[in-house]
Amino acid sequence: MPLHWHEEAELAVVREGSGTYRIDLIDYRVGAGDVLFIPPESLHGISCQKGGILATETFVFHPGFLGAGAADICASRYLAPLAAHEYTLPCHITADTPLAQKLTGIFDTVTTLYTRRPFGYELSVKARLLDILAALLEYGTKTTETPRELESAAAKLRTVLEYIDAHLAEPITVRELAALCFVSDGYFMRFFRRYMAMTCVAYINNRRLERAVALFESGRTSILDVSLSVGFHNLSYFHRAFKKRYRMTPGTFIRSVRVAEGQDGETDGRVRDTADEES
């Protein structure tokens, strides 16, 4: 999962395997039983070794759900400052600590509530999430100024990633992205690889492929149209990149989506011919 961010916070429990969480450009090596807390609007991504397994269960929730905008002592003293990043909470809690065991127990209760959904379950889920924040706050600290280098790098990366997502259908050059950061092409390529753990071209291709998958899953079946709409203007290259990433051709993927939705698994002739040609 490449670096990204959103307004919501995340709480994750590692159920199996091992890998690396990158949160605000700091790497955390995680294993089964570990707990991760990702604050709102934090850059974060996940990786694991090729052929490895990293299975996690995650809840994503907006600070507003917990009452960050309310006019009471809990909101003003804790929730609003948390949303404004005035507190630093632990991001990685290892499995061998009492805090991890406590958080996992609460997490499992939330999972049961959310799965069964009894009447009023939202109130119970909210109460448990507040319990989790209270437990984390015991180990939190007042936020100190982020080291200038990491703060600057995170700001530049957000600008670059936003630009890439907004222009996926268009040709994107390293020079354009470097200009956003006011650095040379060579420096930008080194900078991007250092913090993203992949080349800029690889990241753009991955994002385009992910967008293509989303379009196929939404019902689009013309491989050519999807290829062009996500920025692949060479159909053969799109097929090769898709097959390398997902180990199947786009046509096979479309048919698998239709079968999963209970359809007959057939696509129009244009899709079948293209898929067969590239298989």
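Does Tyr246 count as buried, partly exposed or exposed, and at what relative accessibility? At 24% relative accessibility, Tyr246 counts as partly exposed, where buried denotes under 20% relative accessible area, exposed over 50%, and partly exposed the range in between (1.4 Å probe, protein chains only). The structure is a predicted model, in which local features need pLDDT of at least 70 and side-chain atom pairs count only at pLDDT 80 or more, while totals for chains, interfaces and linings use all residues. Residues are numbered from 1 along each chain as its sequence is written, and side-chain values use heavy atoms, with hydrogens and water left out.

The chain contains 11 helices and eight strands, these being DSSP runs numbered from the N terminus (helices H or I, at least four residues; strands E, at least two). Its C-alpha trace spans about 60 × 50 × 35 Å along the principal axes, and buried residues make up 38% of the 279 residues.

Aromatic pairs were assigned to rings of Phe, Tyr and Trp (its six-membered ring) whose centres lie within 6.5 Å, with planes under 30 degrees apart classed as stacked, over 60 as edge-to-face and the rest as tilted. The count under this rule comes to 14 aromatic pairs. For Phe242 and Tyr246, the ring centres are 4.9 Å apart and the planes stand at 50°, so the pair is tilted. These two residues are four apart in helix H9 (residues 235-246), and are thus separated by about one helical turn. Phe242 is buried, with a relative accessible area of 0%.

Phe242 also forms an aromatic pair with Phe253, which is edge-to-face at 5.8 Å centre to centre and 70° between the planes. Because Phe242 lies in helix H9 and Phe253 in helix H10 (residues 250-260), this pair ties together parts that are 11 residues apart in sequence. Phe253 is likewise buried, its relative accessible area being 12%. Ring pairs link Phe242, Tyr246 and Phe253 into a cluster together with Phe216, Phe232, Tyr237 and Phe238.

Charges placed over rings were also identified, the criterion being NZ of Lys or CZ of Arg within 6 Å of the ring centre and within 35 degrees of the ring normal. Arg117 lies over the face of Tyr114, at 4.2 Å from the ring centre, and Arg158 lies over the face of Trp5, at 5.9 Å from the ring centre.
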